[in-house]
Amino acid sequence: MNIQICAYDHPDAVKLEAQVQQEYMLRYDDGEGDSTPLDPSMFEPPRGIYLIAYDDRHRPVATGAWRSQEENGEGYAAGDAEIKRMYVIPDCRGLGLARRILALLEADALAAGRTRMVLETGTQQPEAIALYTSSDYLPTPKFGHFREYEDSRCFAKPLTP
């Protein structure tokens, strides 16, 4: 697998974004998906990064990103790096791609001076919760766009050298 830095509006990113939104709609039985407002500039270094993993046929198979957050009314803290768009296509799951992407995101956020990784997921994504808890993320008070949703779950991990 080849993991590359890409723009959030790159055609491969747009394709995988549509797939992850379909999955969210199926898992949460709604027509909305993840409605968090996102802009490509949020993932431009050094305030964020967007990664795409490609298989040996140069097919885009996974994504992951982080964006800078600061203390605000949505519950973020100064120095936060928020994980967004972690996704692996179904036929590439179980290969360790999400774990590899997560490690790259953490290292990049730390190098950019961020002090804590945070993320929001939901009860209908048990494999995501398992990935994060097995990677030393702990439950944290809810924050962000979905903080009022009952099935929302938030996690955090301090970033240390």
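Visitor: How many aromatic pairs does a search of the whole structure find?
Guide: Rings of Phe, Tyr and Trp (its six-membered ring) pair if their centres lie within 6.5 Å, with planes under 30 degrees apart counted as stacked, over 60 as edge-to-face and the rest as tilted. This is a predicted model, in which local features need pLDDT of at least 70 and side-chain atom pairs count only at pLDDT 80 or more, while totals for chains, interfaces and linings use all residues. Residues are numbered from 1 along each chain as its sequence is written, and side-chain values use heavy atoms, with hydrogens and water left out. On that basis, the number of aromatic pairs found in the whole structure is 5.

Visitor: Why is the pair of Phe43 and Tyr50 called edge-to-face?
Guide: The ring centres of Phe43 and Tyr50 lie 6.2 Å apart, and the pair is edge-to-face because the angle between its planes is 65°.  Ring pairs also link Phe43 and Tyr50 into a cluster with Tyr8.  The value that decides the geometry of Phe43 and Tyr50 is thus the angle of 65°.

Visitor: Is Phe43 buried or exposed?
Guide: Buried means under 20% relative accessible area and exposed over 50%, with partly exposed in between (1.4 Å probe, protein chains only). Since the relative accessibility of Phe43 is 3%, this residue counts as buried.

Visitor: Which residue in β7 is the bridge partner of Met117?
Guide: Strands here are DSSP runs of E with at least two residues, and helices runs of H or I with at least four, numbered from the N terminus; two strands pair if DSSP finds at least two bridges between them. Strand β7 (residues 152–158) pairs with β5 in the antiparallel sense over 7 bridges. Within β7, the partner of Met117 is Lys157.
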